[in-house]
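Q: Could you walk me through reading a sheet in a model, and then the overall build of its chain?

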Amino acid sequence: MRVNRKSLLAAGAVAVIATLGLASCSAGDSGSDGEASSSGTLTVWVDAERVDALKGAAEAYTEKTGVKVELVGKDNADIKDDFIQQVPTGKGPDITMGAHDWLGELSTNGVVAPLELGDSAADYLPVAIDASTYEGTVYMLPYAVENIAVLRNADLVPEAATSFDDMIAKGQAAGLTQPFVVEQGAEGNPYHLYPFQTAFGAPVFGTNDEGYDPTDLQLGNAGGEQFAQWLSTQGKNGTGVFNTDIDGDIAKQSFLDGTAAFWLTGPWNVGAAIDGGINVAIDTVPSPTADAASPFAGVKGFFVSSESENKVAANDFLVNYLGTEDVQLELFEAGNVLPALSAAAETASEDPIIEGFAAVGAEAVPMPAIPAMGSVWQYWGIAQADIINGADPIATWQKLTADVQAAIG
Amino acid sequence: MSTTIDDEVTPETAGGTGQRPKPTKRQRQAAGIADAASGGVKVLILKLLALGIVDAVALYALFILVTSGEWLIAAIVAIVAIAVNWIYFSRRKLPAKYLTPGIIFLALFQVFVLVYTGYVAFTNYGTGHNGSKEQAVSSLMASSLQRVEDSPTYPVTVVDQFGTLGLLVTDPDGDALIGTNEQPLQEVDAEFDGDKAVGVGGGTSLSFAEVLARTDEITELAVPVSDDPNEGALRTPDGSSAYQYVSTLEYDDAAGTMTDVTTGTVYSDIGTGAFTSDDGEELLPGWQITVGFDNFVRAVTDPRLLQPLVYVTLWTFAFALISVASTFFLGLFLAIVFNDMRMRGRRYYRVAMILPYAIPSFLSALIWAGMMNESFGFINQVIFGGASIPWLTDPWMAKISVLIVNLWLGFPYMFLICMGALQSIPDDIQEAAKVDGAKPWAIFRLIKLPLLLVTVAPLLIASFAFNFNNFNVIYMLTDGGPRDSNAPIPVGFTDLLITMVYKVAFTGQSRDYGLASAYSIIIFIVVAVIAIIAFRRTKSLEELN
């Protein structure tokens, strides 16, 4: 009796399993429809904060062409490594958002496809196109140009400084002991010190017609040693303007507290300063020499995967939809970083803050994307930190040059 | 017969030897009640539902895997799914029913990861050797295309002539030209829409949707401009405009060589996973190959490592041993103190003690790093009234700081296990010792500690292994710093072996997964040997019980 009841139940259960199985099959079917017509879907990896900014462009593209655009929000820190790992397996996206200094690595790993901007290349800021070009080929559709500048507390110091010494003098006249702050750390922060280094005429690499030339290391030239000496006079045993204990948070706090009137930082910190009630003005980086102090420009953009099966749609979407003023302005709203498209940059520059950064950006040079730059970063910061903390500037700088040269090979 | 599937031991078989007395009537009644209460039917339905869900997921996975051609993984999923069904529908296999889920997860999360790490250690997987040779070739060919300088943009229409795709081009003079992969551009009579040629007799023009559907063919489409190959070819990246490109690389499929057409250099596949010229210059990207023991040889012979390796190894052992000892003794001390019945409000103190354990170690390490900042940190500013103690920037102070922070992070764990172990030591032994006139210290040293170690020793060994590879604390607190500026690699004075390996294998922009895997296998062997020796020795403790 019971056995019978059980077998009945078992039969019922088999039916349930079969239904579930069928249901999953049919679910699988619909899933595979998506797969089969995958030429109809573009997968785009986007920094999670900018997904909303791209929604309009994605919808417009779908409406116009019938190609679905799937925006996948990702943590900015994971995008590069995930992209490099997943593209060769065929599971990566068609397009990813990224930064131009990834180019060397992406290209060495063969995961990006060249992008043809055609005649529209002339519509972008020159620094953006330079940065998007690697070994003579354009790989990136730029959307933003980011560089550091000096944030000035205009209530404390109403006038822009004309030189580095003038800046310190003006700040001290306003009664501040540490008038200028810049983010450093135990291992230094060469990105933020680079404007001063260029003012002494010491870029990292020389350039040739294909861009930065890894065989032409300029770091250790005479200007580099002058910079090292100057840095040493502004460090622990000198004026103390640079201090490796000041990290990003401490620098921010002193500017917000009004104990520092000048803060060398990027547009990502402007929001915090304005929210903190500071009357912020943006100045170019005051130079310690007669030459301009040029910061690095970081250019953000979009890459097409080399394994994408939808290269035509990907190219079309990037060049003709994301390269428009509307979309570039949307992205600008999301990040408050100067757009790479000249027309959009002009519109955005109506804001005096953006205009200030754009003026500094006009002097900026693209951060080198060549893989050799990785070897420079490794030794650069620690050498600068040592000099700030009182190490012999010339010897330390020479060792830095030798170490970098050895690492590049 | 039993009434539930799980119940395989029937009275008949269990009492088969006849030694067990036959169940009385009451016992049988009780069994019947228990049976009904166990809800045989409900359990059965639940089981079927659970298995149904497992099967549905497996079927779905199979479907996806088969459509994407992953046959090996599909076969594994199928076999596992069948095995699971067989085990759970069987009336026997009771041990298997308990073990299967564990084994599946063990295989998935431990065995697979270990085997894969082992496999990667024997490959050159890393920057520049990221994919297959095929992908490397196509990527090299794609990036070698150079747009001819000052060449115009050609408006194009993609046309299909009897299955062959061609480009219908409007040249800057307004003339229509057509060509295919084999056939160079030649003039043709075409229909115009405004200035642009949009159609040609004998061919159908592709709409944008059709262009998208045939993306693969269109990205392959390169129409020679003329009979002279040096003039390059027209390619269209978006199906509506074309540009003139020349390729600087030429791939010879038969010989397997890449030739740089501008310099004439021949790069051949010499078995190193990249096209290499005679004078050793490599074209990157290359591809993944297996390299045998190369990574292990490199790991132990790398000249950059010789100098730092000695002190990093010593510090790693010191860090692990001191961390285990300090956390254990502090935890034990507190456990004994809070185990004392005379203490009031023990419960609240215990909760407070466990708090450091409840905060994620990432977070607390970062907070400690901020508090230990030399000029601005809470410790120097508030506790030491403005002193400038170089907590994290002096080589020796940094080591001490790391140990302090790790003590703070680690003692609650030891506190918890010691408290449990202490409570399991019978009171009568202690009372007997007291009666015999033993002093508290003697009771602790001769009775409590040995008995405690019986249960705690294996956990101490595990804790040693954990601290030996304690990446989080070092990475978050000091990142290995302060840097040893004399070392040829960016290693610091608080780097453990694992963080040094991380720096060596992942410095700058290069990712060397092969080397990193080889190192982790070497570290695993070191830790495993120490653990085995230690476990052997703790066996002697067990004889105490």
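A: Start with which strands pair: two strands pair if DSSP finds at least two bridges between them. Strands (E, at least two residues) and helices (H or I, at least four) are DSSP runs numbered from the N terminus. Here, five strands of chain B make an open, antiparallel sheet ordered E12-E13-E14-E15-E16. It's a predicted model, where local features need pLDDT of at least 70, side-chain atom pairs count only at pLDDT 80 or more, and totals for chains, interfaces and linings use all residues. Residues are numbered from 1 along each chain as its sequence is written, with chains lettered from A and ligands numbered from 1 in the order written.

Q: Which strands stand at the edges?

A: E12 (249-252) and E16 (282-283) of chain B; each has a single partner strand, so one side of each lacks a neighbour in the sheet.

Q: How many bridges join E13 to E14 in chain B?

A: Three, between antiparallel residues 257-260 and 266-269 of chain B. In E14(B), Val266(B) is the bridge partner of Thr259(B).

Q: What about chain B as a whole: how many helices and strands are there?

A: Chain B has 19 helices and 16 strands. Compare the radius of gyration, taken over C-alpha atoms, with the globule rule, 2.2 Å times the number of residues to the power 0.38. For chain B it's 36 Å, well over the 24 Å the rule gives for 545 residues, so the chain is more spread out than a compact globule. Its C-alpha atoms fill a box of roughly 115 × 80 × 45 Å along the principal axes.
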